[in-house]
Amino acid sequence: MLNFKVDTSTCINCGLCASDCPAKIIMMGDNGPAIATADEGRCYRCQHCLAICPKGAVSILGVLPSACAPLEGNLPSADQVEILIRGRRTVRRYQDENLDPALIARLLNVAWQGASARNERKVLLTVIDDRKVMEAFRAETLGALARMIRDNKLPPGRERFIDIVAAWENKKIDIIFRGAPHLVVASAPKTCATPEADCLIALTTFELFASSLGVGTVWSGMLQWVMLEIWPALRGKLGIPEDHVIGFSMVFGKPAVKYTRTVRHEPAWIARVH
Ligand SMILES: Cc1cc2nc3c(=O)[nH]c(=O)nc-3n(C[C@H](O)[C@H](O)[C@H](O)COP(=O)(O)O)c2cc1C
């Protein structure tokens, strides 16, 4: 049940909702736009009809236009967005404190607003929101890796973890999680159209929004190797469903470092098609 409703007192019958509908199920009739019950199952649930209506006359899925922020006058400038993108940094030093739970909830909810193939929106964000839980998870992971090294069970090509575990055991330097107090793992059902891409989009969105809020992040390639190749049991400890693909993981928290300026990487590698 889509609950597609049009306020006929404000609708101007412009047809924008119908022409922008990706499923082409909105028909303009004598009483304005409508969706036939038989077509409801084909709706993408993308809410384009609500987003495009210039009069705020369309609601769908129980979402009212009055609950959605207008874009005009509310968008950051392109220069501001560029500074955000160029100023985003991988943060590898963290304060030993929890982020405010409301801030974590906001980060996760905004991250989840990114695009997903067919608008499936099936990315699961598994989060460690308490540094004590993270401490235990860190110790368990590094302890398991230490045992595997001792038992000569490290897969070939992953010898780097010998030094990583030694740094932890000898100096309490955490190269895998960078001492961060929080973790988010993005996973999605294997049956999704593009589970990995959907997860990476969610985490990219998370990273940028986090940067705008002064929250540091690190893409955790190391944890990906551990969960996919070295110690797959770890995903069970996080409760990641068995039928999910793990897209990627990201650690995050309040930085113990402050960057003053953007950096300048070389120009983009671009191939023009003639
Ligand atoms: C997929 C991916 C995996 C990464 N894995 C790690 C990691 O395991 N540990 C780490 O410290 N940084 C990791 N990074 C961060 C990169 O090293 C970092 O983005 C790069 O050095 C550029 O620095 P910047 O992000 O501050 O611009 C990863 C980045 C990406 C995109």
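Student: How many helices and strands does the secondary structure comprise?

Tutor: This is a predicted model, in which local features need pLDDT of at least 70 and side-chain atom pairs count only at pLDDT 80 or more, while totals for chains, interfaces and linings use all residues. Residues are numbered from 1 along each chain as its sequence is written. Helices (H or I, at least four residues) and strands (E, at least two) are DSSP runs, numbered from the N terminus. The secondary structure of the protein comes to 9 helices and 8 strands.

Student: What distance separates the centres of the domains?

Tutor: The domain assignment, where bounds come from an automatic or database domain assignment, gives domain 1 (5-67) and domain 2 (80-253). The C-alpha atoms of the protein fill a box of roughly 75 × 50 × 45 Å along the principal axes. Taken over C-alpha atoms, the centres of domain 1 and domain 2 are separated by 39 Å.

Student: Which residue of strand 3 is the bridge partner of M28?

Tutor: Two strands pair if DSSP finds at least two bridges between them. Strand 2 (residues 26-29) and strand 3 (residues 32-35) pair in the antiparallel sense over 4 bridges, and they form a hairpin with 2 residues between them. In strand 3, the partner of M28 is P33.

Student: How many residues of strand 6 are buried?

Tutor: A residue is buried if 20 or more other C-beta atoms, placed from the backbone, lie within 10 Å of its own, exposed if 12 or fewer, and partly exposed in between. Across the protein, buried residues make up 28% of the 274 residues. Strand 6 (residues 182-189) is mostly covered, and its buried residues number 7 of 8.

Student: Which residue of strand 8 stands opposite A188?

Tutor: Strand 6 is joined by 5 bridges to strand 5 (residues 124-128), and the two run antiparallel; there, V127 stands opposite V184 in strand 6. Strand 6 also pairs with strand 8 in the antiparallel sense, over 8 bridges. In strand 8, the residue opposite A188 is V245.

Student: Which secondary structure elements each supply at least two residues of the shell around the ligand?

Tutor: A residue counts as near a molecule if its C-beta atom, placed from the backbone, lies within 6 Å of it. The residues around the ligand are R89, T90, R92, R178, V218, W219, S220, G221 and M222. They divide into 3 nonpolar, 3 polar and 3 charged, where Ala, Val, Leu, Ile, Met, Phe, Trp, Tyr, Cys and Pro count as nonpolar, Asp, Glu, Lys and Arg as charged, and the others, Gly among them, as polar. At least two residues each come from strand 7 (216-219) and helix 8 (221-230).

Student: Within what arc do the buried residues of helix 8 fall?

Tutor: The buried residues of helix 8 are M222, L223, V226, M227 and I230. Seen down the axis of helix 8, they line one face of the helix because the arc, that of the directions from the helix axis to the C-beta atoms, is one of 130°.

Student: Against which elements do those buried residues of helix 8 pack?

Tutor: On the other side of helix 8, G221 and E229 are exposed. The buried residues of helix 8 pack against helix 5 (131-150), helix 9 (233-237) and strand 8 (244-253).

Student: Is R150 buried or exposed?

Tutor: The place of R150 is in helix 5. With 10 other C-beta atoms within 10 Å, R150 is exposed.

Note on methods. Two residues are in contact if their C-beta atoms, placed from the backbone, lie within 7 Å.
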